[in-house]
Amino acid sequence: MSGAQFTGLGVALATPFTTGAEATGKPAPGGGSSRKRPAVDLTAFRSLVQHVVAGGADFLVVLGSTGEAATVTPEERATLVRTAREAAPGVPLVVGTGHNDTEYAVQLARAAVTCGADGLLVVTPYYNKPQPAGIVAHFQTIAEELPGVPVIAYNVPGRTGSNLTPETLRDLWAIPEVVAVKESCGDLRQIAQICQEAPPGRVVLAGDDDLALAAIAVGARGLVSVCGNVAPAQTAALVSAALEGDLTAAREQFAQLAPLMRALFSESNPVPLKAALACLGLATGMVRAPLAPAAPDTWAHIQSALSGLGLGATASTPAATTRLGVAS
């Protein structure tokens, strides 16, 4: 089994929400009517998928942290995966199915495959901070329950509280289904080491836009990008130039994208991304609690970065896209 289909530019898709709302069925704090929250906007999601594919994305990632997977229901998950599959039938589709409960992670994985996933993005278990043996057993269980389904291990210590070390990754590479790793540790030395040690057919992917060029320079074979939601053509050009060894073109493209990359992480992902999508008319700026909507300074930084790339902004103020993030 190979990770070749998951190379180049992968876009970690946002999940757009509507300014309408769905009832939670739970009382509001202090009593009163049931609370409501933004509903998934499938029309906007379909348009976003088509936007990034037209811009040159090589594969799609649905329901990662960028997709606010933690606050998406199982029913919504199934609908989003099916919608992505229908909107981009020929593009490899990866679905985030990570969880800190191994049995539930298996359930999420089965459901994703049933709905059309070509591969699974499985984050190392968060919060409970398992030992290396527990991490390996977690992935082994998923692989045994879904034999032949490619798995991309996801290392993001900033969200999980633990680091997938090169030593533990060596054990994961022994699992045939683990074909790639998305590396968001932020440590270029570690990324270089895992690139050097990756067995034939296994793929290392940069998980941070601002480290894509450096990671590819030391052996990564692609990028799972947030920036690609907003500027897919420019991000694809960066990844392509880097993979082709055209350092001059890659540097130029990186310099152009750097202000947007910084702006997109000026607050917790995907809060600034939602603001950027709103500015482009691709979605509202709404996020689900406990995330809060983007601050005015973030909107200003986003608009400046978009302007620098020659990307038009259809919403000039936060109010124009319902900044409140939760429906009243």
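Student: How do α11 and α12 cross, and how far apart are their axes?
Tutor: The axes of helix α11 (residues 271-279) and helix α12 (residues 296-308) come within 9 Å and cross at roughly 55°. Axes here are lines fitted to C-alpha atoms, for helices over the stretch in contact, with angles from 0 to 180 degrees between N-to-C directions. Helices are DSSP runs (H or I, at least four residues), numbered from the N terminus.

Student: Is this an experimental or a predicted model?
Tutor: This is a predicted model, where local features need pLDDT of at least 70, side-chain atom pairs count only at pLDDT 80 or more, and totals for chains, interfaces and linings use all residues. Residues are numbered from 1 along each chain as its sequence is written, and side-chain values use heavy atoms, leaving out hydrogens and water.

Student: Thanks! Which residues of α11 and α12 meet?
Tutor: Pro272, Ala275, Ala276, Ala278 and Cys279 in α11 meet Thr298, Trp299, Ile302, Gln303 and Leu306 in α12 (contact is heavy atoms within 4.5 Å).

Student: New topic: how many salt bridges are there?
Tutor: The count comes to 6, taking a side-chain nitrogen of Lys or Arg within 4 Å of a carboxyl oxygen of Asp or Glu. One of them joins Asp118 and Arg85, at 2.7 Å from N to O.

Student: Is Arg85 buried or exposed?
Tutor: Buried, as the relative accessible area of Arg85 is 17%, whereas Asp118 is partly exposed at 30%. Buried means under 20%, exposed over 50%, partly exposed in between (1.4 Å probe, protein chains only).

Student: And which residues are linked in a network?
Tutor: Glu167, Arg170 and Glu197 are linked by salt bridges. Glu197 and Arg170 have their closest N and O atoms 3.0 Å apart.

Conventions: Helices (H or I, at least four residues) and strands (E, at least two) are DSSP runs, numbered from the N terminus.
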